[in-house]
Amino acid sequence: MLGRAKPVPLRKAITAYRVTNNVTSEVLWRSVVNLTITPFENLSNVEVIEIVPKPIAATAADLTFMAEQPFVLEPEPILRWAFANMSANDTKDMSYMVRK
């Protein structure tokens, strides 16, 4: 029998960056999504599922992963990060960039 899932505090922050090409003056926008989890106790088999809305990214190919690489459950995109073991107060960062 599987144990009950325990909630783990998750922080999500989104930062938008305006990037200007100094030669062409072209302006690009990039957004970075930071997901951070820090459990209060030792845990095993930790999973984080992120459903990225289609207006943000049509497919997982539209994302650039900056830290832990997720498993792409669905290309629409639905992402899963998995950690076999996490110690209390051990922080995991899951970040990705969107070309918007």
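Three strands of the model form an open sheet in the order β3-β6-β5, with antiparallel pairing. Strands here are DSSP runs of E with at least two residues, numbered from the N terminus, and two strands pair if DSSP finds at least two bridges between them. Strands β3 and β5 (71-74) stand at the edges with a single partner strand each, so one side of each has no neighbour in the sheet. On average, neighbouring strands of this sheet are turned by 30° against each other, direction ignored; the axes are lines fitted to C-alpha atoms, and angles between N-to-C directions run from 0 to 180 degrees. The structure is a predicted model, in which local features need pLDDT of at least 70, side-chain atom pairs count only at pLDDT 80 or more, and totals for chains, interfaces and linings use all residues. Residues are numbered from 1 along each chain as its sequence is written, and side-chain values use heavy atoms, with hydrogens and water left out.

One of the residues involved is I51, whose bridge partner in β6 is I78.

A further open sheet consists of four strands in the order β1-β2-β7-β4, and its pairing is antiparallel. Its edges are formed by β1 and β4, each of which has a single partner strand, so one side of each is left without a neighbour in the sheet. Neighbouring strands of this sheet are turned against each other by 20° on average, direction ignored. The antiparallel pairing of β1 and β2 extends over 11 bridges. Along this pairing, K12 stands opposite L35 in β2, and I14 stands opposite V33 in β2. In a regular strand, side chains alternate between the two faces of the sheet.

For the protein as a whole, the secondary structure comes to seven strands and zero helices. From the N terminus on, the elements therefore run β-β-β-β-β-β-β. The radius of gyration, taken over C-alpha atoms, is 16 Å, well over the 13 Å that the globule rule gives for 100 residues, so the protein is more spread out than a compact globule. The globule rule is 2.2 Å times the number of residues to the power 0.38. The C-alpha trace spans about 60 × 25 × 15 Å along its principal axes.

Of the 100 residues, 28% count as buried. Buried means under 20% relative accessible area, exposed means over 50%, and partly exposed lies in between (1.4 Å probe, protein chains only). Among contacts between residues at least 6 apart in sequence, 65% join residues at least 24 apart, where contact means heavy atoms within 4.5 Å.

The largest nonpolar core has 17 residues, and those with the most contacts inside it are I37, L63, W81, F83, M94 and Y96. Such a core is a set of buried Ala, Val, Leu, Ile, Met, Phe, Trp, Tyr and Cys residues joined through side-chain atoms within 4.5 Å. Two or more residues each come from β2 (27-37), β3 (43-51), β4 (63-65), β6 (78-86) and β7 (92-98). Of the elements, β6 gives the most to this core, with four residues. Leaving aside neighbours within four places in sequence, I37 is in contact with V8, P9, L10, V46, V48, F83, M86, D90, T91, K92 and M94.

Most residues other than glycine have a negative phi, and most peptide bonds are trans. S25 lies in the loop between β1 and β2 and has a positive phi of about 65° although it is not a glycine. The hairpin of β1 and β2 has six residues between the strands. With 53% relative accessibility, S25 counts as exposed. E26 is found in the loop between β1 (10-20) and β2 and, at 45% relative accessibility, counts as partly exposed. Leaving aside neighbours within four places in sequence, E26 is in contact with V19, T20 and N21.

N89, in the loop between β6 and β7, has a positive phi near 65°. At 58% relative accessibility, N89 counts as exposed. A cis peptide bond, with omega of about -10°, joins E76 and P77. P77 is found in the loop between β5 and β6.
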